[in-house]
Amino acid sequence: EEMVEETEVNEEEWDGVIVGIKMSGNGRSCERHEVCGAALGNGSLVRFRMEVDESGSRVLRVKLVEDGAETCSVGFLPRIYMLKHESQFNNKFAQVLERFDSTNHVMKKASDKRCCGACSFCLLENILIEE
């Protein structure tokens, strides 16, 4: 049996955090998942979309991309992203780097609990190409 070393993703390597990935409802529903955010794994591809939620507020919703198509709504970007950086994230693609419920990092675990599930991401335009 091969030993797999657990690696922590360094904060300098990611562009932000997706929140609410363990919540059901709130615009995140489909016929395939009870909680759509459960489908997110390390390496998942997502796209950010500015939308208006049920209360009339603008939100940056996170959509899972599978087989080249947007599927489920799996979470949101924190409201501060909407207020300060909407154009930096709207309609952009990103890759999930690390689910915070699968780490031993105390602060990330606390963030996961406080935010009803959280994970880090890197915008595809910022992914480093190793030569």
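1. In this predicted model, β3 (58-66) and α1 (79-89) each supply at least two residues of the lining of the second largest pocket. Of the elements involved, β3 gives the most to that lining, with 3 residues.

2. The volume of the second largest pocket is about 150 Å³, and 11 residues line it, of which D53, V59, F76, L77 and R79 lie nearest the centre.

3. Turning to strand β6 (residues 118-123), 6 of its 6 residues are buried, so the strand is largely enclosed by the rest of the structure. In a regular strand the side chains alternate between the two faces of the sheet. In β6, A118, S120 and C122 point one way while C119, F121 and L123 point the other way, and all of these are buried.

4. The pairing of β6 involves two strands described here. Strand β1 (residues 16-19) pairs with β6 in the antiparallel sense over 4 bridges, and within this pairing V17 has S120 of β6 as its bridge partner. Strand β5 (residues 93-99) also runs antiparallel to β6, to which it is joined by 5 bridges, with R99 standing opposite C119.

5. A last point concerns S111, which lies in helix α2 (residues 106-114). S111 counts as buried because its relative accessible area is 11%, below the cut-off of 20%. Once neighbours within four places in sequence are left aside, S111 is in contact with F100 and A118, and A118 is itself one of the buried residues of β6.

Methods:
Residues are numbered from 1 along each chain as its sequence is written. This is a predicted model: local features need pLDDT of at least 70, side-chain atom pairs count only at pLDDT 80 or more; totals for chains, interfaces and linings use all residues. Side-chain values use heavy atoms; hydrogens and water are left out. On a 1 Å grid over the protein atoms alone, a cavity is a set of points where a 1.4 Å probe fits but cannot get out, and a pocket is an open set with protein on both sides within 12 Å along at least five of seven lines; lining residues have an atom within 4 Å of a point. Grid points are joined across faces, edges and corners, and a volume is the space filled by probe spheres set on the points. Buried means under 20% relative accessible area, exposed over 50%, partly exposed in between (1.4 Å probe, protein chains only). Contact means heavy atoms within 4.5 Å. Two strands pair if DSSP finds at least two bridges between them.
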